[in-house]
Amino acid sequence: MDKQPLWNRVFRVLACAAALGVLADLLLKVGPWGLNAALWTAAFAVAVWVLSRDSDTIMPKNRRWCVPLIALFGVMLSWWDAPMLKLLNIAVIFLLCATLVLRPDVKSLLRTGFLNYAVALIDGALGVVAGLPSMVTTDVPRQVRGIRNDMDDSQSVLLRRHAWSVSIGMLISFPLLLIFGALFTSADTAFRAWVSEIFHLNWEVLIEHAFTIGITSWVTAGYLYAAFLKRQMASSPESALQGVRLDALAILIPLGSLIALFGAFIAMQIPYFFGGNAVVQTESGPSYATYAREGFFQLVAVAALALCVLLVADWLGRDASPRGRRALHSFTAILVALVFVVMASALHRMALYTSAYGLTTLRFYTTAFMLWLAGALAWFLLVVIKGRRERFLFPALALACVFVTVFNFINPERIIVEVNASRTDSVEALDIEYLLRLSNDAAPALVALLDRLPEREREHLRSALVQRIDFDPEDARVQYSQRLDIGGWRAWSWSRQRAYEAISRIR
């Protein structure tokens, strides 16, 4: 690779990073994030797309499909207000950015493993920390030295002459500006006020702007450096762990132990797994909270850890004999089946708990995680039986992105309000205070709920919603992020707009 294209790419990376830093200072300092975050993410996606079109970039062209998806999920940041949904959208954006940083020797994304993504995260982190200093102190000086070495004597003399002329010109300009500037300031009051304002800067504000621009530019330049300029290391990601493997028997023993433990647990807990109300309503049975809430989250953890164990077990036994691999696959299938039973129990418990106490954001997203885990386990079993473990990770991550996309379409907080409002024969009454803690995504559904409430609760809910527009600092029911009169156009979101329109009808 010749030196001039590298010089051009370094300049473009630095220019894009500086522009994104200035844009972050103009947009992102106002919260809660909405349209501002979407605009900045779109600008970032444009910068990545422009850099990815360079013929000499180290990033393979078949990963450019990630760029429009980054912009799409960035738009979702201006669509909804729910913090958890925004966090999930940001997580998908980070996942797509990590995919772009995967090393060039990763030819097929369908065969991308955990180690590849781990190395990509490390490369990205190191790039963020050291990318900008490396470009400024290494790449740029090397290009300058290369250009100077390629010059003949006449070109070198001409360059020195130009540098000398620029220096002389700047020295002459300084006193001229002082003289004529003094005359202009004494001749016109408006011009004098403008000059005075320039030289009486608010240093606190100036430092704040410089910090925002500097940090954003540094991080962005480092990421772009890792994605488009950093050279591949000689060793492959798995080289350091090539010797880590176990005999089939050493893996079958712990898997068999887990199968026995799962089987014993399921056998002992069958009445509680599937007994439902008949069990929890007996005097000797557990309470709803003990039966449903506590059990559910432990069983979610069990299912997630079991998937991790199965992945590690299959990787450690990758060089087992054909007979050993068949035994490992049999034990894996049995353990997956038992995990599915545990997951069915967990979902059953959550259904009981929701019918009794209502739905919350934690219960909604944990249930969704369990459903994703079920899909990931089914896919894992399919690829492991066929001996294609390396095909597991990317489709599993893609399924997670599909889940987040579905959340953006269905509005989880609307579902939470509607599920809680539709419960009958519940253990507890409708928790208005919890519903008021939801974000503006839930506001239209809460407005629609008003006509179904008793008069006292209706007035309480209505006044709390109206406070989001007519804000009273002493009203503890309204959080800062719920207010609809802050942030201006930069904090605009489609959800906040719909909330404002819905609440305006009941003011």
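The backbone oxygen of Gly317 sits 2.7 Å from a polar atom in the side chain of Arg325. That's a handy place to start looking around this predicted model.

Arg325 itself belongs to helix H12, which covers residues 322-357. Its relative accessible area is 15%, under the 20% cut-off, so Arg325 counts as buried. Leaving aside residues up to four places away in sequence, Arg325 touches Asp314, Gly317, Arg318 and Ala320.

Now zoom out a bit. The protein chain has 19 helices and zero strands. Buried residues account for 42% of its 507 residues. If you take contacts between residues at least 6 apart in sequence, 75% of them join residues at least 24 apart.

Next up, the aromatics. The count of aromatic pairs is 12. One of them is Trp79 with Trp494: the ring centres are 4.8 Å apart and the planes meet at 10 degrees, under the 30 degree limit, so this pair is stacked. The two partners come from distant parts of the chain, 415 residues apart, with Trp79 in the loop between helix H3 (66-76) and helix H4 (83-101), and Trp494 in helix H19 (residues 494-504).

| Residue | Relative accessible area | Class |
|---|---|---|
| Trp79 | 31% | partly exposed |
| Trp494 | 27% | partly exposed |

Rings also gather elsewhere: ring pairs link Phe364, Tyr365, Phe403 and Phe407 into a cluster. There's a charge over a ring as well, with the charged end of Arg64 sitting over the ring of Trp49, 4.5 Å from its centre.

What is the volume of the largest pocket? It comes to about 740 Å³. The lining of the largest pocket is made of 25 residues, and Trp40, Ile93, Phe94, Cys97 and Val219 are the ones nearest its centre. Which helices each supply at least two residues of that lining? They are helix H2 (35-52), H4, helix H5 (114-150) and helix H8 (203-228). H4 gives the most, with six residues.

Methods:
Residues are numbered from 1 along each chain as its sequence is written. This is a predicted model: local features need pLDDT of at least 70, side-chain atom pairs count only at pLDDT 80 or more; totals for chains, interfaces and linings use all residues. Side-chain values use heavy atoms; hydrogens and water are left out. Helices (H or I, at least four residues) and strands (E, at least two) are DSSP runs, numbered from the N terminus. Buried means under 20% relative accessible area, exposed over 50%, partly exposed in between (1.4 Å probe, protein chains only). A polar contact is a pair of N or O atoms within 3.5 Å; within protein, one must be able to donate a hydrogen and the other to accept it, and residues adjacent in sequence count only if both atoms are side-chain atoms. Contact means heavy atoms within 4.5 Å. Rings of Phe, Tyr and Trp (its six-membered ring) pair if their centres lie within 6.5 Å; planes under 30 degrees apart count as stacked, over 60 as edge-to-face and the rest as tilted. A charge sits over a ring if NZ of Lys or CZ of Arg is within 6 Å of the ring centre and within 35 degrees of the ring normal. On a 1 Å grid over the protein atoms alone, a cavity is a set of points where a 1.4 Å probe fits but cannot get out, and a pocket is an open set with protein on both sides within 12 Å along at least five of seven lines; lining residues have an atom within 4 Å of a point. Grid points are joined across faces, edges and corners, and a volume is the space filled by probe spheres set on the points.
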